[in-house]
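Keep the viewer open as you read.

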Amino acid sequence: MNKLAGGVLVAVGDPSDDATLTLTEDPSDDRRTVTVASVPDALAELTERCERWSQTAAVCDDVLRAFDPAGSTFTGVVTESLAYSTLQSGTEFKRWLAERGPAVMPEITDPVVAERDADRLTVRLNRPGRHNAFSTDARAALLEVLEVARLDPSVTEMVLTGNGPSFCSGGDLAEFGTFADPASAHIARTRHSPALVLDEITARLGRSCRAEIHGQVQGSGLEMAAFCGWVRCDPDAALGLPELALGLIPGAGGTVSVTRRIGRWRTAYLVLSGRSIDAGTALRWGLVDEVG
C-alpha cells in the first residue's frame, strides 16, 4: 500500500477495500481497480498531484468514504457541499483564484432552452460558444425547466442534452469565487440543486429520464448526467472530473451520482488524476449506459 499526501492510499495489483483506489496494468472488471498503461507512471502522477493539492485530496477521500451509495441522495449532496465550502476557504482554492485573476460574470441569453413534444420534454444547455460551461444563470434556468418535469405528471419522458460541440465542459471558471462567502454558496447549492431535482425526476421516470452527452463532458456536466436513469454517450466524448486542480472536489452532486455508478475507487481516480476517460471505458465502468 502506498500512502500519498493527504492520507490517500493507493494499492497496486490486488484490489483492496481499504485503499482509496487500486492500480493495475491488467484488464479488470473489479470497480476497486483502475487499469493503466504503466503503474509506476500513474503512481508518480498521483503522488505529484496529491502533494500539490494535499488538502483537497484528503477531503475528497473523506467524502467518498463517507457516502453510502444505498443511502440518501440529500445526505450525500449536503455532505459534499459542506466539504466543498470548506475547500472554498482553503489555501489551495485561494491559490488557484490568485493564478486565474479577477472573476467575471458572463451574461448569455437563454443559457437553457426546452421544447415539449407530446409527453416528452427535451432540455438543452445552450451556451455552445463556451462548450455549455455551467454558470449561475444556467443553473437557475435549468431548475426552472426541470420543475416542469418534476411537477407535471403528463411529462413521461425527459431528455437532457446540450447544443454545440459539447454537452457541458463543467462549471464556468470565469465566475468561480463570486459568492460572498462559502456559507452562502452552500445554501445556494443545496436549496437550489439540479442534482436533487434530477434524482427526483429519475425516481419517477427511471430510464425515461435520459441524458444524451457528447464532446466535453466534464465536472458538473458529468455529475448531473450521471443522475439520469439512462445515459447515452457519443463515441468521441471525453468524460472527467477536473476539480482537484482548482483546489475543489465535485460540487454538483458527483460524489453521489458518479460514485453510485462506478464506485468510490474509480471516482477517486477521476478526481485525483484529473484524467478524462473515453466512451468505451465509461461504458465498461457503468458510467454511461449506451455508446452510439
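Look for Ser16 in the loop that links strand 2 (9-12) to strand 3 (21-24); strands here are DSSP runs of E with at least two residues, helices are H or I runs of at least four, and both are numbered from the N terminus. Before going on, note that this is a predicted model, where local features need pLDDT of at least 70 and side-chain atom pairs count only at pLDDT 80 or more, while totals for chains, interfaces and linings use all residues. Residues are numbered from 1 along each chain as its sequence is written, and side-chain values use heavy atoms, with hydrogens and water left out.

Is Ser16 buried or exposed? Its relative accessibility is 14%, so Ser16 counts as buried (under 20% is buried, over 50% exposed, in between partly exposed, using a 1.4 Å probe and protein chains only). Leaving aside residues up to four places away in sequence, Ser16 touches Met1, Ala11, Thr22, Arg32 and Trp265, a contact being heavy atoms within 4.5 Å. The Ser16 side chain also has a polar atom 3.2 Å from the backbone nitrogen of Asp18, and one 3.4 Å from the backbone nitrogen of Ala19.

On the helix 3 side the contact uses Thr73, Gly76, Val77 and Glu80, and on the helix 9 side Gly254, Thr255, Val256 and Arg260.

Definitions and conventions:
Polar contact = N/O pair within 3.5 Å; in protein donor to acceptor, adjacent residues only side chain to side chain.
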